[in-house]
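Hi everyone, thanks for coming.

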Amino acid sequence: SSQSLSATGPTISLLALASRSPPSFATMGMKYLAAYMMAVIGGKDAPSAEDVKAILEAGGIEVDQAMLDLMMTKVEGKEVHELIAAGHGKFAACGGGGGGGGGG
């Protein structure tokens with residue numbers, strides 16, 4: 001049996017896809033750093049680029065080699081607790097919690 005699509009169906013889907021912006025550099029960098037930290041939790045004291053790449057690919061993330069190389073350069077010679085401490089202030093800027101719900 002053949003299926004027919006309305007003229008507006010595919011157009012709406014394509015417009016929805018086109019309006020999505022690609023992930024920001026910071027968002028992608030955070031994914032790479034999270035994969036690095038997952039490797040540390042998994043027992044690697046100093047994860048390699050290949051370790052990070054394997055974790056990202058296992059999560060269905062296409063690896064950008066330039067981004068991976070940059071992240072590896074930034075973490076080189078640093079302990080994970082140093083990375084967390086350095087980023088803690090950046091996370092604080094995101095805020096936390098909100099006002100309580102109205103009672104009623």
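This is a predicted model: local features need pLDDT of at least 70, side-chain atom pairs count only at pLDDT 80 or more; totals for chains, interfaces and linings use all residues.

Of its 104 residues, 18% are buried. If we take the contacts with a separation of 6 or more, 57% of them join residues 24 or more positions apart. The accessible surface is about 7,800 Å², with 59% of that belonging to carbon and sulfur atoms.

Now, the core. The largest nonpolar core has 15 residues, and the ones touching the most other members are Tyr-32, Tyr-36, Val-52, Leu-68, Met-71 and Met-72. Helix 2 (25-41), helix 3 (49-58), helix 4 (65-75) and helix 5 (80-92) each put in at least two residues. Have a look at Met-71: leaving aside residues up to four places away in sequence, Met-71 touches Tyr-32, Leu-33, Tyr-36 and Val-52.

Met-71 brings us to helix 4, whose buried residues are Met-67, Leu-68, Met-71, Met-72 and Val-75. As a reminder, an α-helix has 3.6 residues a turn, so residues three or four places apart point the same way. On the face turned away from the buried side, you'll find the exposed residues Ala-66, Thr-73 and Lys-74.

And the two ends? Asp-64 caps the N-terminal end of helix 4, with a side-chain oxygen 2.9 Å from the backbone nitrogen of Ala-66. Just after helix 4, Gly-77 has a positive phi of about 80 degrees.

How values were computed
Residues are numbered from 1 along each chain as its sequence is written. Side-chain values use heavy atoms; hydrogens and water are left out. A nonpolar core is a set of buried Ala, Val, Leu, Ile, Met, Phe, Trp, Tyr and Cys residues joined through side-chain atoms within 4.5 Å. Buried means under 20% relative accessible area, exposed over 50%, partly exposed in between (1.4 Å probe, protein chains only). Helices (H or I, at least four residues) and strands (E, at least two) are DSSP runs, numbered from the N terminus. Contact means heavy atoms within 4.5 Å. Accessible areas come from the Shrake-Rupley method with a 1.4 Å probe; for residues, only the protein chains shown count as cover. A polar contact is a pair of N or O atoms within 3.5 Å; within protein, one must be able to donate a hydrogen and the other to accept it, and residues adjacent in sequence count only if both atoms are side-chain atoms.
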